[in-house]
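Keep the structure open while you read.

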Amino acid sequence: MLTIEQQEQYQRDGYIILPGFKGADDIAALRARAEQIVNEFDPSLSQSIFTTRDQAKNTNDYFLASDNTIRCFFEEEAFGPDGQLKQAKSLSINKIGHAMHDLDPVFRAFSADPKLAEVARDLGLADAQVWQSMYIFKQPGIGGEVRWHQDATYFETTPISVTTFWFALEDATLDNGCLWAEPGGHRGPLRERFIRNGDQVRVEKLDAMPWPDDSTAVPLEVKAGALVCFHGLLPHYSAPNRSPVSRHAYTLHATDGRTQYAAHNWIQRDDSFPVRGFV
C-alpha cells in the first residue's frame, strides 16, 4: 500500500498522511451510527466528562469500565453551573469509546479493512492487534483541548510498537482544532506512563523533556477521508474548537503482537474477549 518514499517519510517524521483513504459512503455510515449511539445514550446514567487534564484524578469507574465496551463521554464544558447541559446532547458529547471496532457491526466494518491491514504491515506491524477505538466529535464552540501527549503512554509495549490510525470524518482545519505534531519527535523518549492497577490509576513521569511548541510543531490540516498514521512516541496535540464547525474523527490504536504488551496498560483482553487485528 505504501511507497518506499512514504515508508521513509514515516521513519523520518513519525507520521504520514494518506488523503482519500475512506470514501464518502464509509464516512456517512460511521457518522450515522455514531449519531444513533448518542441518541440512545441516557445522560442520567452518567455525566462523565473526558479531559486530558490531571487524568489520574479525573479517571473514574465509568471510564475504566469502558475499556471493553461502548460508552459516551461529555465535553469538559458541556455542563453549566446548574449541572444542566448548555446545549443539545448531540452537541455535548466529546467521544464514544472504546471497543466499537469489535462490538459494533458498523464500526467493525469500517475498521476491518484489508487496505488498513496492508498499511499496518508496511508501517512495521507484522501482527497488528487493535486495542482501542474512539469516535471523537470535537464539538463546535466547546470542543476540548487534547494536551500534548504520546499514545505509547497508554499502550506500552517492549519494544514500543503502538501505532495510531486517525481518520478524518470531516475536514480538520486550524479553526476547528486539527492535530498538531512534532516532525521527528518520535525519536525522543517516552515521557509518561499511564498505569492501571485494578480500579486505581496513576501517571508516572519518566522524562522531563519539554513538550513541543509552535517553533517545532506543525498543524496537520486534512480533508475528510484522509488517514493520518503516527508512531506511538510522536508528540501530538489538538487545540480547543471555538469555531461553529465540528471536527469528527475516528481513531484506532494497534500494537504488534510480536512485542510484549505491558500488564499495567489500562486495556487488557483475555481468552473470553481476544484482541483482534484489522481483518
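The buried residues of helix H2 pack against strand E2 (70-74), strand E3 (93-98), helix H6 (105-111), strand E4 (128-136), strand E7 (163-168) and strand E14 (249-256). Contact means heavy atoms within 4.5 Å. Helices (H or I, at least four residues) and strands (E, at least two) are DSSP runs, numbered from the N terminus.

This is a predicted model: local features need pLDDT of at least 70, side-chain atom pairs need 80 or more, and totals for chains, interfaces and linings use all residues. Residues count from 1 along each chain as its sequence is written, and side-chain values use heavy atoms, without hydrogens and water.

**Helix H2**
- Ile27, Leu30, Arg33, Ala34, Ile37 and Val38 are the buried residues of H2 (under 20% relative accessible area, 1.4 Å probe, protein chains only; exposed is over 50%, partly exposed in between).
- They sit on the same side of H2 because they cover an arc of only 140° around the axis, taken from the directions from the helix axis to the C-beta atoms.
- On the other side of H2, Ala24, Asp25, Glu35 and Glu40 are exposed.

**The sheet**
- Seven strands form an open antiparallel sheet, ordered E1-E12-E7-E14-E4-E3-E2.
- Its edge strands, E1 (15-18) and E2, each pair on one side only; pairing takes at least two DSSP bridges between two strands.
- E7 and E12 (residues 227-231) run antiparallel, joined by five bridges.
- Thr164 has Phe230 in E12 as its bridge partner.
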